[in-house]
Each structure stands twice: as C-alpha cells, then as structure tokens.
Amino acid sequence: MSQGLGDPTRFVRRVGYETEPVTETLVLSDLHLGLKTARPALVRETLKRWCFERLILLGDIVHDGGLSGLCAEAWRLLHHLAALAREGSAEVVWVAGNHDRHLAPLIRDLFGIDVCESYAWSSRGRRCLATHGDRFDPTLPHSRALARLIGLGYAFCMRWLSRDGSWPRNLDRWWTRRAGLHHFVATGAAAWAFERDADLVLCGHTHTPLARRFRAPAADRRPVIYVNAGSWVEPRPSFLAVDRNAVRLVHLTRRASPAP
Ligand SMILES: [Mn+2]
C-alpha cells in the first residue's frame, strides 16, 4: 500500500548545485539542443558529476530542425547519452517533447535509445509518472507541421535577430505566463495522474520549476504531487533528483555561459 506524499514543501526540496550528487532517478527536461541558449557542455558536466540508476530525458532535448545543425558540444552530449544507454551503467529513458517527437526514429537508430510518450515506475510503493506536458497545453497548434514551423522561426530569431537570445526567450516567457500555461500543465498532469492512480507526476515543457499538491477528488484517494523540472535554457537551469524519500529540485547556483 503506497503512502501519500503529504506537503510538497516537505517532500520537494529546492536545493543548490552543491547538493550531494547521488540519486535514484535524475530528470532533465527541455535542453533544446540547437538553440543559442542551450548548454550542452554544462549538461554533460552535470551528468558526469552525478551518480544515478536511471536518467529520464523529459522531452525537448533537441529543438526543431534535426540533428545536422547541432554544434560539436551537443554531439558530444548525445554520444555521452548513447554510451550511458549502451554500457548499461544507468537506465536511459527519453520521453518525447513537442520539439523532438519527430526525431524519435533517428534517436533510436543513431543512439540506441527508444523514445516513449510517458514513463511510469515505482519507488517504495509510490507510483511515479513522467511525461513532457505538451499534451496538457491547449495553446499548441493542432497541426504538427505548423508547430514545427513556429519552432524553427523561434530558433531563427534567436540565432540571427538577437545578440544573446534574450528577447525571444523573454517573449516566450511572457506568452507562457499570459496563456496560463503553468496552470494548464499542472492541473492537466494532476488529473492524468489521478486517472492512473499515481502519487507523483513529473513534467517539463513550461521551462519553470514548480511543485504543487493536488487534493484527491475522492476522500479515500491519496493526493498527487506535481513537480516541473524547469529547463536548461533559462538563466538559472534546473533539474530533478528523485529519491524514495524526497524530490530535490536542483537549481544551478552559478550563471552558466551559453555554448559557442
Ligand atoms: Mn515542450
């Protein structure tokens, strides 16, 4: 019988990069490799620093536009992920995001990693779910072709019309807040987790780290805790270390420079 997780401020701890780098499940979301603001070198350094049994890449690991335009450092990171999966030192799970779903066959062929829509696991009787979160986003265009076009336009603006990528990122952040995306993804994910009898649900997509507790619709049902991993393209990247007793929301405490 699994136990409720109670208060998220107790179960989910916000910690700095200096936290002990050992965990059961490491969750990284929204690396957006290919964007000017991506930080592949820092991600690889983080993966080397941490000990983990399972790595969940929670979607939008690669931005639209394919793999051919990626810089050498992004390729180094992808080869590092492939080596982790191949050597079996950790289970590597790649969950599809709206910006990298179309690359799933290529990722499987090149790196030997299967791409799934969601991932479920149990830890000490608790049922945990992970999905990118775009399925709960009502603002995304229904046409995948149109969504990709917008994604490519965003990358173009960042590369050619902005010096450091900040105005496209600020515009995106403003739109996300105005559209209430944090709320849609959190409530959608919680409802989805209740349907699946889960205790913990993890998402990305909004680029904003967040922890919320949702009360059960029925009295005999345990609450659901929702945690968003944030992203690696914001000024303060964040990720999750998920263990049996707690989820650590790890904030990088130093400002990282973008990849060249
Ligand atoms: Mn996304």
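Met158 is buried, because 24 other C-beta atoms lie within 10 Å. A residue is called buried if 20 or more other C-beta atoms lie within 10 Å of its own, exposed if 12 or fewer, and partly exposed in between, with C-beta atoms placed from the backbone. The model is predicted: local features need pLDDT of at least 70, side-chain atom pairs count only at pLDDT 80 or more, and totals for chains, interfaces and linings use all residues. Residues are numbered from 1 along each chain as its sequence is written.

Stay with Met158. Met158 sits in helix H5, residues 144-160. Helices (H or I, at least four residues) and strands (E, at least two) are DSSP runs, numbered from the N terminus. Met158 touches Leu35, Lys36, Thr37, Gly165 and Pro168, leaving out residues up to four places away in sequence. Contact here requires C-beta atoms, placed from the backbone, within 7 Å. Asn170 is twelve residues from Met158 along the chain, and their C-alpha atoms are separated by 11 Å.

Now turn to a pair of helices. Two packed helices are described by the angle between their axes and the distance between the axes. Helix H2 covers residues 40-49, and helix H3 covers residues 72-87. Their axes are 8 Å apart, and the packing angle is about 30°. Axes are lines fitted to C-alpha atoms, for helices over the stretch in contact, and angles run from 0 to 180 degrees between N-to-C directions. H2 and H3 are therefore roughly parallel to each other. The cut-offs are under 35 degrees for roughly parallel, over 145 for roughly antiparallel and 65 to 115 for roughly perpendicular, with the rest oblique.

Which residues in H2 meet H3? They are Pro40, Ala41, Val43, Arg44 and Leu47. On the H3 side stand Glu73, Ala74, Arg76, Leu77 and His80. The residues of this contact divide into six nonpolar, one polar and three charged.

Next come the strands. Strand E3 (residues 51-57) pairs with strand E4 in the parallel sense, over four bridges. Pairing means that DSSP finds at least two bridges between two strands. Ile56 has Val93 in E4 as its bridge partner. Strand E4 spans residues 91-95, and four of its five residues are buried.

Trp94 belongs to strand E4. Trp94 counts as buried because it has 24 C-beta neighbours inside 10 Å. Beyond its neighbours within four places in sequence, Trp94 is in contact with Leu57, Ile61, Ile107, Ile113 and Val115. Trp94 and Leu28 are 66 residues apart in sequence, but 9.9 Å apart in space, C-alpha to C-alpha.

Five strands form an open sheet in the order E6-E7-E8-E10-E9, with mixed pairing. Strand E6 (118-123) and strand E9 (210-214) stand at the edges, each with a single partner strand, so one side of each has no neighbour in the sheet. Neighbouring strands of this sheet are turned by 20° against each other on average, direction ignored. E9 and strand E10 (residues 224-228) run antiparallel, joined by five bridges. Arg212 stands opposite Tyr226 in E10.

Finally, look at two loops. Most residues other than glycine have a negative phi. His32 has a positive phi near 50°. His32 lies in the loop between strand E2 (22-28) and H2. His32 is buried, with 26 other C-beta atoms within 10 Å. His207 also has a positive phi, about 70°. The loop between strand E8 (200-203) and E9 holds His207. His207 counts as buried, with 24 C-beta neighbours inside 10 Å.

Technical notes
Contact = placed C-beta atoms within 7 Å. Nonpolar A, V, L, I, M, F, W, Y, C, P; charged D, E, K, R; others polar.
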